[in-house]
Amino acid sequence: MIQDFITIIQDYWLLLLIGQYPNGPLGGLANTLILSALAIAFAFPVSILMALARLSKWWFLRWPMTALVYVTRGVPLLMLILWCYFVIPLWTGADVPSFLIMLVTLVIYQGAFLSEVVRAGIVSLGQGQMDAARALGHGYMGAMRFVILPQALYNMIPSMISTFVSTIKDTTLGYVINVPDLTFAASQVNNQLLTQPFQVFLILALVYYILCWSLTYVANSVERRIARRRAGPRNARLPAEAAPLKTITEQL
Amino acid sequence: MSTLVSEPQAAQAIRIADVCKSYGDYQVLKNINAEVARGEVVVICGPSGSGKSTLIRTVNRLEEINSGGISFEGQDIHAPMGASELNKLRSRIGFVFQSFNLFPHLSVVENVSMSPIRVKGVSPAAAHDKALKLLDRVGLADKANSYPGQLSGGQQQRVAIARALAMEPPVMLFDEPTSALDPEMVGEVLSVMKSLAAEGMTMLCVTHEMGFARDVADRIWFIDAGEILETAPPEDFFKNPRHPRAQRFLADLRH
């Protein structure tokens with residue numbers, strides 16, 4: 001049994017790591033990492049803009065963004081992926097690579113979810129912080145940038161990690177539109193071996209677990225460090241011990 | 001609005017003219033007319049729900065009004081104007097909140113120095129030095145690198161006063177600055193306010209501290225149900241209140 005795992009990894013590690021590259025497109029774990037990183041990197045700023053639009057006093061920003069969030073939340077990601085996959089080439093007439101389609105879909109989808117997290121973080125701060133910033137002469141954007149968002153985003157770290165982790169996991173759905181990622185590579189391996197699906201997909205599951213766990217771990221240590229700095233030397237131990245334990249169990 | 005023509009050298013720091021404000025059908029402020037002269041300390045008192053806080057929040061336009069006007073150094077702060085113009089006016093009116101509203105993600109010295117840097121464009125080094133001086137003045141120089149969460153309520157409110165002073169406002173507004181404090185911390189905040197008054201700061205304070213009103217105020221505005229019923233120097237107001245509602249209010253305080 002253990003021998004099976006070792007043999008699979010020995011025979012196929014390169015395929016699982018980078019797919020068919022350099023003879024074909026870059027794939028495997030490398031592509032999964034790139035797709036996840038880009039999706040998170042774009043979804044994060046997009047979500048802040050979406051949250052600000054949803055809180056805007058101008059209806060022409062608020063209404064379309066609210067509609068987008070509702071639609072995105074109410075439609076399964078797989079539907080959205082398939083829809084983009086078939087409709088975007090129809091509309092544009094261009095041969096859009098499936099990687100790009102997957103990336104855009106993930107950014108919209110996760111951006112919408114993340115924007116609700118960001119919005120909750122902003123709203124939960126209450127009016128007092130905004131009042132204080134305005135009374136000191138800060139404009140709306142200045143107050144957001146220097147006063148509201150640093151607090152709102154920090155308070156929302158646990159929920160944001162959840163969304164980031166689910167972004168990583170959602171990259172697997174690229175499989176249905178032939179994005180050559182880790183899942184795609186594992187499936188290729190399985191098709192060649194035919195007799196060891198349990199072993200192949202357990203390896204796949206383990207890799208995803210390690211990936212998601214590492215992200216959670218890094219985020220928790222960042223959160224802990226900020227908490228320690230804010231609490232100062234006197235209260236350092238309390239949040240450092242109490243809060244992150246809870247968030248780790250929440251995430252995994 | 002003829003009373004609100006722009007007079008750069010107006011004798012009044014604040015002039016409130018015919019101000020009305022309603023929330024739906026409920027009228028919070030009814031035709032308020034009042035003035036605060038330069039260097040004057042005015043205490044607004046009255047029962048809770050009378051509109052004191054709403055009135056003081058209209059002075060720097062944290063609350064909008066329905067009609068009337070409020071001029072600050074001759075400029076109507078409720079006139080239609082661009083956001084940057086309003087921000088500039090607001091930055092010259094210090095405001096101290098009942099609930100302190102310090103920025104918990106910034107250290108004490110950052111709380112005090114951030115707005116001069118970001119709003120007025122003061123250099124970080126100069127703003128930092130100024131902040132330390134202000135913190136020294138409110139007796140908190142040793143807390144410069146602490147975070148608000150590590151301070152007592154009285155200390156936080158003194159930082160909030162220093163933060164407002166850092167913008168060098170000619171006028172300070174206080175909205176019940178001691179109401180959220182434990183009794184033993186009220187004194188430290190009031191003594192900072194007293195020293196400000198002694199230096200000639202123009203102050204408009206909503207407070208329930210009648211001792212402060214008696215000792216420090218130049219004038220009292222008594223407000224009830226959205227109307228200013230009486231304005232008088234404290235010695236007159238406390239000894240011979242003219243309006244029956246004020247008489248009842250003071251009698252209730254003595255019980």
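Predicted model: local features only at pLDDT ≥ 70, side-chain atom pairs only at ≥ 80, totals over all residues.

Modeller: Residues are numbered from 1 along each chain as its sequence is written, chains are lettered from A and ligands numbered from 1 in the order in which they are written, and side-chain values use heavy atoms, with hydrogens and water left out.

Biologist: How many helices and strands does chain A have?

Modeller: Chain A has 11 helices and 0 strands. Helices (H or I, at least four residues) and strands (E, at least two) are DSSP runs, numbered from the N terminus. The C-alpha trace of chain A spans about 70 × 55 × 30 Å along its principal axes.

Biologist: Why is V104(A) called partly exposed?

Modeller: Buried means under 20% relative accessible area, exposed over 50%, and partly exposed in between (1.4 Å probe, protein chains only). V104(A) has 38% relative accessibility and therefore counts as partly exposed. This residue is found in helix α5 (residues 98–124) of chain A.

Biologist: What percentage of the residues of chain A counts as buried?

Modeller: Of its 252 residues, 46% count as buried.

Biologist: Which residues of helix α6 of chain A are buried, and what covers them?

Modeller: In α6 (residues 127–135) of chain A, the buried residues are Q129(A), M130(A), D131(A), A132(A), A133(A) and A135(A). Their cover includes α7 (140–155) of chain A, together with α1 (52–59), α2 (83–90), β6 and α5 of chain B. Just after α6(A), G137(A) takes a positive phi of about 100°.

Biologist: Which strands form the open sheet of chain B, and in what order?

Modeller: The order is β6-β7-β8-β3-β9-β10 (chain B), 6 strands with mixed pairing. The edge strands are β6 (93–96) and β10 (227–232) of chain B, each pairing on one side only. Neighbouring strands of this sheet are turned by 15° against each other on average, direction ignored.

Biologist: How do you know that β3 and β9 of chain B pair?

Modeller: Two strands pair if DSSP finds at least two bridges between them. Strand β3 (residues 41–45) and strand β9 (residues 219–224) of chain B are joined by 4 bridges and run parallel. Within this pairing, V43(B) stands opposite I220(B) in β9(B).

Biologist: Which strands does helix α6 of chain B lie across, and at what angle does it run to β8(B)?

Modeller: Helix α6 (residues 183–198) of chain B lies across β3, β7 and β8 (202–206) of chain B, running at about 145° to β8(B). Axes are lines fitted to C-alpha atoms, for helices over the stretch in contact, and angles run from 0 to 180 degrees between N-to-C directions. Helix α5 (residues 153–165) of chain B lies across β6 and β7 (171–175) of chain B, at about 170° to β6(B).

Biologist: Why does V206(B) count as buried?

Modeller: V206(B) has 0% relative accessibility, so this residue counts as buried. V206(B) is found in strand β8 of chain B. Not counting residues up to four places away in sequence, V206(B) touches I44(B), K52(B), I56(B), F174(B), D175(B), E176(B) and P177(B).

Note on methods: Contact = heavy atoms within 4.5 Å.
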